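Below is a short briefing on one structure.

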Amino acid sequence: MRPGAVNPGAPDAKAKYFGPSMKRLLRRLAPEKFYISIVFALATASVVLNTLGPHILGNATNLIFDGVVGKQLGETFGPGTTKEQAVEALRQKDSNFADMLASMNVIPGVGVDFTAVGHVLAWVLAVYVGSSVFGWFQAYLLNIVLNRLVRRMRGEIEDKLHRLPLSYFDSMPRGDVLSRVTNDVDNMAQSLQQTMSQMIVSVLSVIGILGMMFWISWVLALIALLTVPLAVVVTAQIAKRSKPHFVAQWKLTGDANAQIEEAFTGHEVVSAFGRVREVGEKFDETNDKLYEASFKSQFISGLIMPAIMFLGNLNYVLIAVVGGLRVASGQLSLGEVQAFIQYSRGFTQPLTQIGSMINMLQSGVASAERIFEILDAEEQVADPEVEDSRPVDRGRVAFEKVSFRYEPETPIIDELSLVAEPGHVVAIVGPTGAGKTTLVNLLMRFYEVDSGAITIDGVDITRITRDHLRSRMGMVLQDTWLFGGTIRENIAYGRTDATEEEILEAARAAFVDRFVHALPHGYDTVIDEEGSGVSAGEKQLITIARAFLSRPSILILDEATSSVDTRTELLVQHAMAALRRDRTSFVIAHRLSTIRDADTIVVMEKGKIVEQGTHERLLAARGPYFRLYNAQFAAAITDGEGEGIEFDEDETVSLGKN
């Protein structure tokens, strides 16, 4: 990470809120309004049928209870006794039982009508089957909707990453970016898929069940509602305390991925400097914090369901007691109380499920917030709507009083002016941090200049689209990049419409052809992203061949021969000399032997050009280039007495005693 850069995933980033993030996530479902309306219609039908089930089943209970009581009354009072006569007779002994009997649909001497009970049970079966069918279709359609949402978000993230400036990736650990694009997207998708269907059904069930409870008995319904405010308060308080831990969990997941990616990418360096234990201890510290955050988030949010179940059990006891008293007084039938108890349990269950879903949503929304941070990141300056139509094929490049800073208080390039004529080779040298690579990044528009202008053939590069600009350039970096595929495919990456002969010609020009025939399958040899199976120098030659194949009008070589041996370097220099013909070339080099034949050598120090000219003229001037050249090429001469190189006040080389 560049010094002074701000990590958007750091703990001091702006506060995150569940509500606004959830609303933003739901607003992204707007393109699926038609399917969502069908989902709600199917869910409503499923819930309505499911809600009618206990009420219909209560009728079966009444039929059975009425039959049992009717048979007992016939045995007690004899055949021919009417219901009214039985009630009058019982009122003298037990007025409560008489009141209950008066409210029942009972005929003394008549037992259970099993035919009627069978019809009722058949209706119950049909209702529950219909509810299940509607529920299945609702879940199926909702799954389609949510997968489309996730697919769109993945596409938006991919497009956004291509629109972000290089400074964003400089300020973010690669592992954290990868974690947001992979782990966080997967976690968000999984959370939505597991919660949204159940959440919709649960909310509709609460509304439907509440309506049925009030229809059966408003008194019992009010008792059932006593626990709802408590459940809401408990859920809100627990969710409030678990949210920061979910945010920390996914932030630390990104940190852990970043550390793993960094450690394994630089495994050889870590091992060579004996820092394996230190790296392991650093990862263990992050892993321990991740464990603590994960444990707290799951433990705290896991309290929601037991708390709501406890409140639901209290509710059940109250309803059972009061309902029994109202059955005894004849105000409700046994079937109605049985249905109400089913409704009360069904009323508590959706509330419990909602509480459990909030647990999952907390984690999913925490991941969504990390994704939104990428989508909200400041993009690079947009390409011009109307591109300058003048051709930029000659390759005359001019830097006109260009200034640039990575950080406002630290100038990198200041008022720099430079002209590269078509077909000329411009070598840029200087100490580390002088701004050499930054100059190339500005030319490629990886960064935008703070002031001044860069023109190609008189056209300001900001008036050209980035794709058009970069299509005219070929670039070979010190750090090679190959993708999983064959050597032929890696070379052809420079121009996808290249013919086989053109690919082979570029390979021969870059001396790839010299080693490729020694490989098991020649140009069809498969290499992975790390370039396993070929040496560092051979990987560099493949990237050079790729640049040659693209036929650029401007060629950029940033330490392009740093990984090849001396003999191969000389061969590549001759090949590049031929390929640079009629192309403007910028060569960044620390090995000054590679740039002696450059048309112009530019010496940079602290973001400014301190000297420029040909190799011979700069040596004759005995300035900064002369000192660089001496420091690099003067051989150390030592003898038994320990003589060696010393630098005098003018930094030229002299011999002296150690």
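The chain folds into 22 helices and 14 strands, taken as DSSP runs (H or I of at least four residues for helices, E of at least two for strands) and numbered from the N terminus. This is a predicted model, in which local features need pLDDT of at least 70 and side-chain atom pairs count only at pLDDT 80 or more, while totals for chains, interfaces and linings use all residues. Residues are numbered from 1 along each chain as its sequence is written, and side-chain values use heavy atoms, without hydrogens and water.

**Overall**
- Of 658 residues, 45% count as buried (under 20% relative accessible area with a 1.4 Å probe, protein chains only; exposed is over 50%, partly exposed in between).
- Residues at least 24 apart make up 78% of the contacts between residues at least 6 apart in sequence, a contact being heavy atoms within 4.5 Å.

**Nonpolar cores**
- The largest nonpolar core has 41 residues, and Leu25, Met153, Met188, Leu192 and Ile371 touch the most other members; a core joins buried Ala, Val, Leu, Ile, Met, Phe, Trp, Tyr and Cys residues through side-chain atoms within 4.5 Å.
- Helix 1 (18-27), helix 2 (33-77), helix 5 (114-163), helix 7 (174-216) and helix 13 (334-375) each supply at least two residues of this core.
- Helix 13 gives the most, 10 residues.
- Beyond its neighbours within four places in sequence, Met188 contacts Leu25, Val150, Met153, Gly364, Ser367, Ala368 and Ile371.
- A second, separate core of 40 residues includes Ala427, Leu482, Ala507 and Leu549.

**Exposed residue**
- Leu125 lies in helix 5 and is exposed, at 56% relative accessible area.
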